[in-house]
Amino acid sequence: MYTGECIFCRIASGKAGTQLLYEDEDAVAFKDINPQAPFHILVIPKKHFENLKAVDDERLMGHLFTVASSVARELGISDFRTVINTGPKSGQTVYHLHIHLLGGRYMMWPPG
Ligand code: 5GP
Ligand code: ZN
């Protein structure tokens, strides 16, 4: 079990005081502190995985995307983008797996 300092572990356990938009046994969702769209939510597993390369749980990955979709539905976001940055070149800055759920504006493609 991961025991080090990780901001997302602290958020998932309630220790950081971040308001959770969603919580179940395995996952939480909360607003990104530096939103890049009118809606910018992060969906994370409670269990610490460094990133997508480190995950060995297919059921959990499916669950995280299901949570992202249901949070979007709850918030009335019909069109959205889900993003997982993996590694420094992708822009990953927090090394606890997370799905970005972005919506509320038009998105560019390809991404930057
Ligand atoms: P990454 O760059 O790793 O894909 O995404 C990390 C995201 O976490 C960034 O969008 C950043 O704004 C967000 N973030 C970093 N620290 C915190 C925090 O303490 N609270 C919240 N709510 N979001 C955070
Ligand atoms: Zn963590």
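A residue is near a molecule here if one of its heavy atoms lies within 4 Å of it. Keep that cut-off in mind for the ligand. One caveat: this is a predicted model.

Ligand 1, then. There are 16 residues around it. The closest are Lys31, Asp32, Asn85, Thr93 and His100. Now the polar atoms. The side chain of Asp32 puts an N or O atom 2.5 Å from an oxygen of ligand 1. Gly91 uses its backbone: an N or O atom there is 2.8 Å from a ligand oxygen. Ile33 also comes in through the backbone. A polar backbone atom of Ile33 sits 3.2 Å from a nitrogen of ligand 1.

Stay with His100 for a moment. His100 belongs to strand β5. Is His100 buried or exposed? Its relative accessible area is 12%, so His100 is buried. Its side chain makes a polar contact with the side chain of His40, at 2.8 Å. Setting aside residues up to four places away in sequence, His100 touches Asp32, His40, Ile41, Leu42, Arg81, Thr82, Val83 and Asn85.

Next, the metal. Which residues coordinate the zinc ion, ligand 2? Cys6 and Cys9 through SG, His48 and His96 through ND1, at 2.0 to 2.3 Å. The four donor atoms subtend angles of 105 to 117° at zinc, so the arrangement is tetrahedral. For reference, the ideal angle for four tetrahedral donors is 109.5 degrees. In sequence, the donor residues follow C-x2-C-x38-H-x47-H. One pair links distant parts of the chain: Cys9 and His96 are 87 residues apart. Cys9 lies in helix α1, residues 7–12. His96 lies in the loop between β4 and β5. Burial next. Cys9 has 19% relative accessibility, and the cut-off for buried is under 20%. Cys9 therefore counts as buried. His96 is buried too, because its relative accessible area is 0%.

Last, the packing. The largest nonpolar core has 17 residues. Val43, Leu64, Val71 and Leu97 have the most contacts inside it. Which elements give two or more residues to this core? They are β2, β3, α2 and β5. The largest share comes from α2, with seven residues. Take Val71 on its own. Leaving out neighbours within four places in sequence, Val71 contacts Tyr22, Ala29, Ile41 and Leu101.

There is also a second, separate core, of ten residues. Among them are Cys6, Cys9, Ala12 and Ile44.

How values were computed. Residues are numbered from 1 along each chain as its sequence is written. Chains are lettered from A and ligands numbered from 1 in the order in which they are written. This is a predicted model: local features need pLDDT of at least 70, side-chain atom pairs count only at pLDDT 80 or more; totals for chains, interfaces and linings use all residues. Side-chain values use heavy atoms; hydrogens and water are left out. Donors are N, O and S atoms within 2.8 Å of the metal (3.2 Å for Na, K and Ca); water is not among the atoms, so sites may look incomplete. Four donors count as tetrahedral if all angles lie between 85 and 135 degrees; four count as square planar and six as octahedral if opposite donors are over 155 degrees apart and all others between 65 and 115; anything else is irregular. Helices (H or I, at least four residues) and strands (E, at least two) are DSSP runs, numbered from the N terminus. Buried means under 20% relative accessible area, exposed over 50%, partly exposed in between (1.4 Å probe, protein chains only). A polar contact is a pair of N or O atoms within 3.5 Å; within protein, one must be able to donate a hydrogen and the other to accept it, and residues adjacent in sequence count only if both atoms are side-chain atoms. Contact means heavy atoms within 4.5 Å. A nonpolar core is a set of buried Ala, Val, Leu, Ile, Met, Phe, Trp, Tyr and Cys residues joined through side-chain atoms within 4.5 Å.
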